[in-house]
Amino acid sequence: MRSKQETNDEDQIWTALAAHQREIASLHMRELFEKDPGRAERLSLQAAEIFFDYSKNRVTDETMSLLVQLAAKAGLREHIDAMFRGDKINRTENRAVLHVALRAPRGASIEVDGENVVPHVHQVLDKMGEFTERVRSGAWKGHSGKRINAVVNVGIGGSDLGPVMAYEALKHYSERSMRFRFISNVDGTDFAEATLDLDPAETLFIISSKSFTTLETMTNAQTARDWVLAGLGGDEEAVAKHFVAVSTNTEKVAEFGIDPANMFGFWDWVGGRYSMDSAIGLSTMLAIGPDAFRSMLKGFHEMDEHFRTAPFEKNLPVLKALLSVWYNDFFGAETVAILPYEQYLKRFPAYLQQLTMESNGKHVRLDGTRVDTATSPVYWGEPGTNGQHSFYQLLHQGTRLIPADFIAFAQPLNPLGHHHDLLLANVFAQAEALAFGKTAAEVEAEGTPSWLAKHREFDGNRPSNVLLLDRLTPKALGKLVALYEHEVFTQGTLWHIDSFDQWGVELGKVLAQRIVPELESSEEPELAHDTSTNALIQRYRRLKRKDR
């Protein structure tokens, strides 16, 4: 519990930042750069092999000093230490938060309730590695003796978004003789399209559900079971050769027909959206192999150590979080654009949506009082250069302030002529254009008629960060994901919210369970919802009968 003095000290920094924002709100980045030739060098950072240029932000040295003070007064250092030592910082669920243990090296010690969990993590990783080698080598065969050439991951939320993002991001390193599919949506179309061209005799399903009771996942899992049995003559013994589980519920896994020896466990101190480097990443390991998977874990760990040890003014996740809070809470920016200039990262913005918005989309502080500041902005994005021909118009000339992260790599994985130079030129040009814009006078000087000049004017002063890495490797991906994980943690600390529960997803799920039997009942159900919901249920039942 924070003391009254600590709270007062922190409130004073928030007040000072609000006053400072009013002072510099009209200051343009053109002026900031003109008056400070060393700005680009001073407001950039190389950490864990990521170059981070944050000079194109609406900040001064005083801004950054106040923001760093805010982090200190909010108790960020104490919160970081508490997470890494295994304290139960997920207060509402009374759980430790130890995704950092998933990538800790052998020999490390991180304790939960007095027990070092790192050896257990490596036992699961070793088991995953052995299984992966059997499948990739062809030693593991399906029920009919055929080699497995297709892997289908069945999950939802963190059990899907992490694996599918990682597969797409690391496809360059994947085993191309195998196909990988991902099913998450309870919409039957998702299952139908994922399995349309697959042979049950050559397909392995990974059912990812901690409790093995998640409605959407188990509905899809049962459909997959029926599909396999229909294709293999109905022999129940086929299930054990075509299904494995990522779960903690041995009894339910065995009831389904999966050999518990082929169940890969994880722990309640791993939140779903932080689990892609646990057994939830089994499909990733099957795609890229155990060595590459461990390289990804090494990247995670390097960013973890940077975050844990670096001073705040040189700490990449902390600086990113402070800048996001600056725009979110003092400029009223409601969204953040994630713009990876790397086609393999096409699912990265979608992955970050869950990581950020499920973590920090909260309106109640840890002490139960309502927050009095804005919390998580909306994260969204699309790979460059596609986005430039879609929504960049809004970024440049719209009425909303939208901070942006540009993510780029110096070395292409698929070098083709001058493609990569053109790609990177667009990264640097877009960041420059957002920052400095183009005045009406400059437009007219180029020969544009005065009546048209206003339409071709760019205000600029629109903030962005550039993150530049050498090459997209498994290790680099681990660093990027850990960077955003720790940014989210830092944001949550500054807002004094629990970034690791997700009660907001519960209400709709509970109501859906009530409505399902009302939709499926052969008799007219007695409905007790609001009049709108009652009418929708009745209309759906009529339309459903119409097709019979």
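Strand β8 (residues 243–246) and strand β9 run parallel and are joined by two bridges; helices (H or I, at least four residues) and strands (E, at least two) are DSSP runs, numbered from the N terminus, and two strands pair if DSSP finds at least two bridges between them. The model is a predicted one, in which local features need pLDDT of at least 70 and side-chain atom pairs count only at pLDDT 80 or more, while totals for chains, interfaces and linings use all residues. Residues are numbered from 1 along each chain as its sequence is written, and side-chain values use heavy atoms, with hydrogens and water left out.

Strands of a sheet pair through backbone hydrogen bonds, either parallel or antiparallel. A further open sheet has mixed pairing and consists of six strands in the order β1-β2-β13-β12-β10-β11. Strands β1 and β11 (378–381) stand at its edges with a single partner strand each, so one side of each is left without a neighbour in the sheet. Direction ignored, neighbouring strands of this sheet are turned by 20 degrees against each other on average. Helix α14 (residues 316–330) packs on the sheet and touches β1, β2, β11, β12 (404–409) and β13. The direction of α14 makes about 30 degrees with that of β2.

Alanine 47 is partnered by isoleucine 50 of β2, and glutamine 46 by phenylalanine 51 of β2. The two strands form a hairpin with two residues between them, and alanine 48 in the turn has a positive phi of about 50 degrees. Strand β2 is also joined to strand β13 (residues 464–469), in antiparallel fashion, by three bridges. In β13, valine 466 is the bridge partner of aspartate 53.

Helix α14 also packs against helix α20, their axes coming within 8 Å and crossing at roughly 50 degrees. This angle makes α14 oblique to α20; angles under 35 degrees count as roughly parallel, over 145 as roughly antiparallel, 65 to 115 as roughly perpendicular and the rest as oblique. The crossing of α14 and α20 is right-handed, the term for a near helix turned clockwise from the far one by less than a right angle, with anticlockwise giving left-handed. Residues of α14 in the contact include Leu316, Val318, Leu322 and Val325, and those of α20 include Leu483, Tyr484, His486 and Trp495. By class, this contact has 10 nonpolar, five polar and three charged residues; Ala, Val, Leu, Ile, Met, Phe, Trp, Tyr, Cys and Pro count as nonpolar, Asp, Glu, Lys and Arg as charged, and the others, Gly among them, as polar.

Helix α20 (residues 474–495) packs with helix α5 (residues 76–84) at an angle of about 130 degrees, the axes being 10 Å apart. That makes α5 oblique to α20. The crossing of α5 and α20 is right-handed. Leu76, His79, Ile80 and Met83 of α5 make the contact with His486, Phe489, Thr490 and Thr493 of α20. The contact of α5 with α20 has four nonpolar, four polar and no charged residues.

The structure holds 30 salt bridges, each a side-chain nitrogen of Lys or Arg within 4 Å of a carboxyl oxygen of Asp or Glu. One of them links aspartate 61 to arginine 42, with the closest N and O atoms 3.2 Å apart. Aspartate 61 lies in helix α4 (residues 61–73) and arginine 42 in helix α3 (residues 39–42), so the pair ties together parts that are 19 residues apart in sequence.

Terms used:
Axes fitted to C-alpha atoms, helices over the stretch in contact; angles between N-to-C directions. Contact = heavy atoms within 4.5 Å.
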